[in-house]
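Take a look at the model below. Keep it in view as you read.

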Amino acid sequence: FGLFFYLAGVWRLTRRGDRWPLYRTVLWTLGIVLLFWVTSGPINAYQDYLFSVHMLGHMLLSMAIPALLVAGAPVTLAARAIHKRDDGTRGGREWILWAVHTPLSRILTNPFVAAGLFIGSLWAFYYTDLFRWSLYDHLGHEWMIAHFLITGYLFALTLIGIDPVPWRLPYAGRLLLLIGVMAMHAFFGVAMMMQTGLMVAEWFGSMGRTWGPSPLEDQYIGGGLAWSVGEIPTLILAITVAIQWSRSDARDQKRSDRHADRTDDAELEAYN
C-alpha cells in the first residue's frame, strides 16, 4: 500500500505537469522493498535462532529503512498530490496536515525527544523484558517492528527530512546531536560485546541449535554488528546533513545576490 499510493501520487503530479524528483521516488521504493525483505525474508526467518541476525534486522529497521523513507518525503508528496477541499470538510490532505500539527506531533518531532526515543528505546528494549516479549509473543514481535521503524523515522525526519515539522535545529545543532547519538549507539554495541551473560538465556541458550556459532559467540557478533554496521547509516545521515547545510548556504547567498541586484545594493550603500 505504501508503494502503491506513493507511485499514484507521483503519477498524478506528472500527469498535471508538475515535477517530482526521481531520486526521491527511487529512495522510497528502496525503503519499502527493504522493509518487505527484512520482515518477510531470511532475516525474519533466522532472527529467532541467531541473535546476530536479529540485531542486523534491528539496525536495518531503525536506521537504514527510515532514512530511505524520510528521503522520499511522503507528506510533502501527499500535500501536493491530494486535492485540497474547499467545502469545509476534511479529506486525505487535510487529515495528514492536521496530524502533522497536532500537539503530539509537536512533541514527537522535537529533535531532542526524537533522539531520546531513538537511543533510549534501544537500551530499554534489550535490557528489560520487552526483548523476551518480542520472542515469545507474535504481538510483541509486531510491536518491535513498528516501534523501531517509527522511532527511527522520527529521528531521521528531524535531521534530513523536508516534510513539515513544527521546529528543526540549525544544521550545526543537527550534526552535534547526531554525533552524540552515534557515541551512545557505539557504546551500546561495545557494552553488548563485553557482556559475559547470555540475553534471554532460556531462549537462545536452550533451543539445542547444532549449527552456527555458539549462543554467546553469536551474541558477541550481534554486538559487533550494532557497533559497526549500525554506524554506516548514521555516517550517511551526517554526510547528508552536511550537504544540505552547504546547499542551504548557497541558496541564501544567491537570494542575497538577487536582492542586491534588484535594489542596486541599497543596503550596502546605506551601510557605507
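Predicted model: local features only at pLDDT ≥ 70, side-chain atom pairs only at ≥ 80, totals over all residues.

Residues are numbered from 1 along each chain as its sequence is written, and side-chain values use heavy atoms, leaving out hydrogens and water.

Start with the rings. The structure holds 24 aromatic pairs. Rings of Phe, Tyr and Trp (its six-membered ring) pair if their centres lie within 6.5 Å; planes under 30 degrees apart count as stacked, over 60 as edge-to-face and the rest as tilted. F51 and F204 make an edge-to-face pair, 5.9 Å centre to centre with 90° between the planes. F51 lies in helix α4 and F204 in helix α12, so this pair ties together parts 153 residues apart in sequence. Helices are DSSP runs (H or I, at least four residues), numbered from the N terminus.

F51 is buried at 2% relative accessibility. F204 is buried too, at 5%. Buried means under 20% relative accessible area, exposed over 50%, partly exposed in between (1.4 Å probe, protein chains only).

Now find H54. This residue is in helix α4 and is buried, at 3% relative accessibility. Among the residues H54 touches are F125, Y126 and F131, not counting residues up to four places away in sequence. Contact means heavy atoms within 4.5 Å.

Last, the backbone. A73 is not a glycine, yet its phi is positive, about 50°. A73 sits in the loop between α4 and α5. V200 also has a positive phi, near 45°. V200 lies in the loop between α11 and α12.

Terms used:
Helix = DSSP H or I, 4+ residues; strand = E, 2+ residues; numbered from the N terminus.
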